Amino acid sequence: MPATITWVSADGGEANSGRRRRRRRGRRTSGPKASHAESPAADNNPGAATPTGRSAQSRPRSARHGPDRLRTVHETSAGGLVVDGIDGPREEQVAALIGRVDRRGRMLWSLPKGHIEVGETAEQTAIREVAEETGVQGDVLAVLGSIDYWFVTDGRRVHKTVHHYLMRFSSGELCDDDVEVTEVAWVPIRELPSRLAYADERRLALVADELIDRLQSDGPAALPPLPVTAPWRRPQTHSRARRTRAGESSPDRKNGRGLDP
């Protein structure tokens, strides 16, 4: 922050004439006299204004550069869109979503996901997280895309990347036993763009729709091959971004990207 400069007369002529007038009138006022009172302070304080209007700019480093920078943390998660009836009629296909209540009491629907743990690949994490948060098992078919975004929590700046997969339902029943999940539901595929709370996940739902069309028209060989991923080697922090409040528009988190069909 630049120093505040108080301009003072260099020759003191105006100030001296004003001082003589005040002595003749026998009264005290503020004004030029206050400016003269600041001149000795400038001699003792290098950061104060000098009579020539210059500032030494010798504020403490922290004052000039603002507060200390937040520590940046990188986190990686994985999840999936598991579809029941993926090989059947499109109007009968449903996908498993999880619902969480935000601080204003609004239900926000999203794809199940969670942190990649040590020793897991992204695909294994997606299968595990879907099972833990919805109660159903799924098999990974293809990559939907990745979403990455930034948020600040607990004095840290977090860069989170989430890998999403298209999955075929294999077994299990919906269950909301996970303490972080309020509700789970089978939602018709066609309703995903209106039901999902987050814009980046709505875009992934559109990618899923196109991949299902390929699967039904040309078979599994038409799907993009799964990339080879290595097991995760280090533990991660477990930060959570603040959810959108009721009445706010659904967040359109930057840098979200889906698979180029």
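Me: Before we start, when does a charge count as sitting over a ring?
Reply: When NZ of Lys or CZ of Arg is within 6 Å of the ring centre and within 35 degrees of the ring normal. Keep in mind that this is a predicted model.

Me: OK. Which ring does the charged end of Arg 157 sit over?
Reply: The ring of Trp 150, with the charged end 4.0 Å from the ring centre.

Me: And what lies over the face of Trp 109?
Reply: Arg 195, at 5.9 Å from the ring centre.

Me: How many aromatic pairs are there in the whole structure?
Reply: A search finds 2. One of them is Phe 169 with Trp 186, an edge-to-face pair with 5.6 Å centre to centre and 90 degrees between the planes.

Me: Where do those two sit in the chain?
Reply: Phe 169 is in strand S6, residues 156-172, and Trp 186 is in strand S7, residues 183-188. They are 17 residues apart, so the pair links distant parts of the chain.

Me: Why is Trp 186 not counted as buried?
Reply: Because its relative accessible area is 29%, and buried means under 20%. Phe 169 is also partly exposed, at 22%.

Me: Switching to the core. Which residues have the most contacts inside the largest nonpolar one?
Reply: Leu 81, Val 83, Leu 97, Leu 166 and Leu 192, in a core of 23 residues. Strands S1 (71-84), S2 (94-101) and S5 (136-153), along with S7 and H6, each supply at least two of its residues.

Me: Which element gives the largest share?
Reply: H6, with 6 residues. There is also a second, separate core of 12 residues, which includes Ile 116, Ala 126, Tyr 165 and Trp 232.

Me: What does Val 83 touch, neighbours within four places aside?
Reply: Its contacts include Leu 166, Phe 169, Ile 189 and Ile 212. Gln 93, Val 94 and Ala 95 are among them too.

Me: Back to H6. What are its dimensions?
Reply: H6 covers residues 199-218, 20 residues in total, and reaches 29 Å from its first C-alpha to its last. That is close to the 28 Å expected at 1.5 Å a residue.

Me: What follows H6?
Reply: Gly 219, which has a positive phi near 85 degrees.

Me: What is Ala 205 in contact with, leaving aside neighbours within four places?
Reply: Leu 192 and Leu 196. The C-alpha atoms of Ala 205 and Leu 81 are separated by 8.1 Å, although the two are 124 residues apart along the chain.

Conventions: Residues numbered from 1 in each chain as written. Predicted model: local features only at pLDDT ≥ 70, side-chain atom pairs only at ≥ 80, totals over all residues. Heavy atoms only, no water. Phe/Tyr/Trp six-rings, centres within 6.5 Å; stacked < 30°, edge-to-face > 60°. Helix = DSSP H or I, 4+ residues; strand = E, 2+ residues; numbered from the N terminus. Buried < 20%, exposed > 50% of the residue type's maximum accessible area, 1.4 Å probe, protein only. Expected span 1.5 Å × (residues − 1). Core = buried A, V, L, I, M, F, W, Y, C linked by side-chain atoms within 4.5 Å. Contact = heavy atoms within 4.5 Å.
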